[in-house]
Every structure is written in C-alpha cells, then in structure tokens.
Amino acid sequence: MTAVLHGGRTREERPVLRTRQVHAVAACYFVASFAALGLPPYLTEILPALGDHGARWAGLLYIVPTVFGALGAPLWGRLADRYGRKRLLLRAQLGLALSFLLAGLADSLPAFAAALVLQGVLGGTFAASNGYLAASLDGHRLSWALTLMQGSARLALVAAPVVVGGLTPWLPPHRQYALLAVLPLAAALMLAALPEPPPTAPSAPAAPEAAGPPPGPLRTLYALEFAFVLATVISYPYLITLVGERLPGLGPSASGALFALPHACYLLLAKPVHTAVAHRPHLGAVTGFACVAVALAGHWGAGTVASFVALRLLLGAGMTLGLVSLSALAAEASRGRGPGRLFGSLEFISKAGAVVAGAAAAASTGLWGPAAPAVAGSAVAALTAVISTPTLLRTRWSR
C-alpha cells in the first residue's frame, strides 16, 4: 500500500539510503570530528605559544565553537530545507576544513580565537548529517541511523584525544589543526557521491491515516534533550580531577580509561538497546535518566577503583538508554516536518545544554569541590525522570 507524504510524494517514491550510504555519512562525521573533539583538551598546551602563558583563556575558548555553533544551527537548518540538505552538509564539512586550517596557521591569540568562532559558525556537521538522513529515511531506519551517528560521536570522543596525544611528539597540537583539516575535506569528497534528497513541504497538511501517528510534541523532545546534555556533560570537565583526588596512585591512562568507559558502553550496547526501546522511547528515556541519576550520585562517595568502574558502567548504560531513546523520539518528531529546521533547532538545544553544563560545573566545583558537578548532574537527571513519569504513563510514544 502506498503512503502519501508531504508534497504528494509517496513513501515508495521517497529515496531511501542504502545501508552502506548511511554508514558513509556516519563515517564522514567521525573523521570530521577528530579535530573538533580531539584538540580542545590540549588548549592549555596550545595557548602559551600564542601569548597566553598561563592559558587563562582555555576555559572560554573551549566553549567558543559550541556557543557559535548553537547560534548558527537553526539558520543552517532552515537553509538546508530551502536549498538542499546535501549542499548544506557539504558546506558544513568545507566550513570545518577552512576553520581548522586557519586555526593551525594562526600565530596570535586573536587569530586563533577567530578561527574557533568560524568553526562554530561554519560547522554544524552533526545537525546537517542528521537532517540529511531524516530527509531520506523514516521510522525504525531513521532512529537507527541517528543512533549510529551518536556512536560516531562517542567513538571520536574516545579515539581522537589518544591520536592527538600520539602525534604530539612530532607535531604540536596547535599545528595539528592544519593537518586534521584534510579530514573534513576528505569527508566532503566522499559525501559528494551521495544522492540529494528531494525537498519537502513542511507546511503541507499530513494524512494521519496514511502517514501514521502525529509527530511527537517538540517541547517535550527539546526539554529532554537539554536536560540530558546538561545532566551528563556537567560531570565531564572535572572527572579526572575527582579521580586524581580520590585515587592518587592511579595513573593518567587509567583515569582516562574511566572517563571513556561510558562512551565505550554506548558503542557496545547501542544496537541491542535500540532494538529494545525503539517502539517505547519515552520509557527508555525515563529509565536512562534514572540510571544517570543513580550513577552520578554515587560519584560523591566513590573511593575505590571498583566503585568507580561500577558507577561508570551504570552511567554508560544510562547514557546509552537516553541517547538511543532521544534518537527514536527525534525520528518520530521529524515526520511531517522539515528535517533541517528540526535538527538545527535540536542542535541549538543540545549545545545550549553543554554551555550551561560547563558554566555550572565551574561554579559548583569552586564552591564544593570536584564531586559537586556529578551531584548536580544527578539532581537534574532525577528531577527530569520524576517530571517525565506522568507523561510516560499517558503518552502514546510508550506503547
């Protein structure tokens, strides 16, 4: 049976990306994210050579791409819906390549900061990739593709700092920006071979009986996205400090492994979790928030390697449940809407949550020590789980 979509196009007429093409989009995001995720932890080594001998600007510059990426994401999303998702995805990759090259060639702090601003304004590869996928996929296939994109982000977050550290004896992190600029450029060349999804007409009336249930409420999706990013990211900046304080004999490699453990859990658990929660994403999200709340609260009293490992594994399970469920909710919400605008707005919400998390982490640590951000994240996750439970009981998404 043929299902009518917006613009009079039938579901069978809608181009569907092949599995290898979806994997290509995820792989392009992974390689393009290397500099964006791998080099910021080395800002304290980069800035002294640019005149900031005490690296006093490291904290601010760390969030500059995030802030400007958040401001630009909704605009790029709307332009993608109007002028084509593939074009805007290529623009994002080329924008990253240009900004990385300028950062690597910068010889002053203002020039380097300007390059980071451009990285935020011209980037947005995650939102652009998701918008591209949403224009060619829907339902279960789209939710899995979005889950795969999160896996690319987690893999880059784990691998990139290690690779950058390994290259440091031969090439300073500052100049690695210029070297790693070839990665988004290569990604753009790969993406050029993929098809361009057709334009959609978000304002056209949907056919509920043919297209399925109505889109999920955006306010719920945005609120859950913001709360999840805030609850999890707030614990990132000072985790290594907390581990060093509680386990002074533990080396930096082991501390880094504890930091990466939840992200490794996502890579291992994403597929089975997606199978389990794809048709009940709201339940998965609430369960994920509850696991995150318990795991982060436990960081306050953790004092052994075993306790940290157990808590990081539980946090990984909660992160996987939350991220996969949010991907499924986003896939449902994209039905009948312009995907560029939706995922641009979602990227704005996500980055806003990360900025608030960074500011809250710095403020709480200054007052109560390095365990405070984890406890604050636990409170946010627990409150969100409690508030979301009544919605879970009555929502059609939990069916």
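How do the residues of the lining of the largest cavity divide into nonpolar, polar and charged?

1. The lining of the largest cavity divides into 8 nonpolar, 5 polar and 2 charged residues. Here Ala, Val, Leu, Ile, Met, Phe, Trp, Tyr, Cys and Pro count as nonpolar, Asp, Glu, Lys and Arg as charged, and the others, Gly among them, as polar.

2. The model is predicted: local features need pLDDT of at least 70, side-chain atom pairs count only at pLDDT 80 or more, and totals for chains, interfaces and linings use all residues. Residues are numbered from 1 along each chain as its sequence is written, and side-chain values use heavy atoms, with hydrogens and water left out.

3. The count comes to 2 cavities of 30 Å³ or more. A cavity is a set of points, on a 1 Å grid over the protein atoms alone, where a 1.4 Å probe fits but cannot get out; lining residues have an atom within 4 Å of a point.

4. The largest cavity holds about 120 Å³ of space. It is lined by 15 residues, of which Trp76, Gly77, Ala80, Ala127 and Ala128 are the closest to its centre. At least two lining residues come from each of helix H3 (58-83), helix H4 (85-105), H6 and helix H16 (339-368). Helices are DSSP runs (H or I, at least four residues), numbered from the N terminus.

5. The second largest cavity holds about 50 Å³. Its lining consists of Ser235, Tyr238, Leu239, Leu242, His299, Pro370, Pro373 and Ala374, with at least two residues supplied by each of helix H12 (239-246) and helix H17 (372-394). By class, this lining has 6 nonpolar, 2 polar and no charged residues.

6. Helix H6 (residues 125-136) also meets helix H1 (residues 19-38): their axes come within 10 Å and cross at roughly 175°. H1 is therefore roughly antiparallel to H6, a term for angles over 145 degrees. The contact (heavy atoms within 4.5 Å) involves Val22, Val25 and Tyr29 of H1 and Thr125, Phe126, Ser129, Tyr132 and Leu133 of H6. These residues divide into 6 nonpolar, 2 polar and no charged.

7. Tyrosine 29, in helix H1, counts as buried because its relative accessibility is 10%; buried means under 20% relative accessible area, with a 1.4 Å probe and protein chains only. Leaving aside neighbours within four places in sequence, tyrosine 29 is in contact with Gln93, Thr125, Phe126, Ser129, Met149, Ser152 and Ala153. The C-alpha atoms of tyrosine 29 and methionine 149 are separated by 7.6 Å, although the two residues are 120 residues apart along the chain.

How values were computed. Axes fitted to C-alpha atoms, helices over the stretch in contact; angles between N-to-C directions. Parallel < 35°, antiparallel > 145°, perpendicular 65-115°, else oblique. Buried < 20%, exposed > 50% of the residue type's maximum accessible area, 1.4 Å probe, protein only. 1 Å grid on protein atoms, 1.4 Å probe; cavity = no way out; pocket = protein on both sides within 12 Å on 5 of 7 lines; lining within 4 Å. Points joined across faces, edges and corners; volume = space filled by probe spheres on them.
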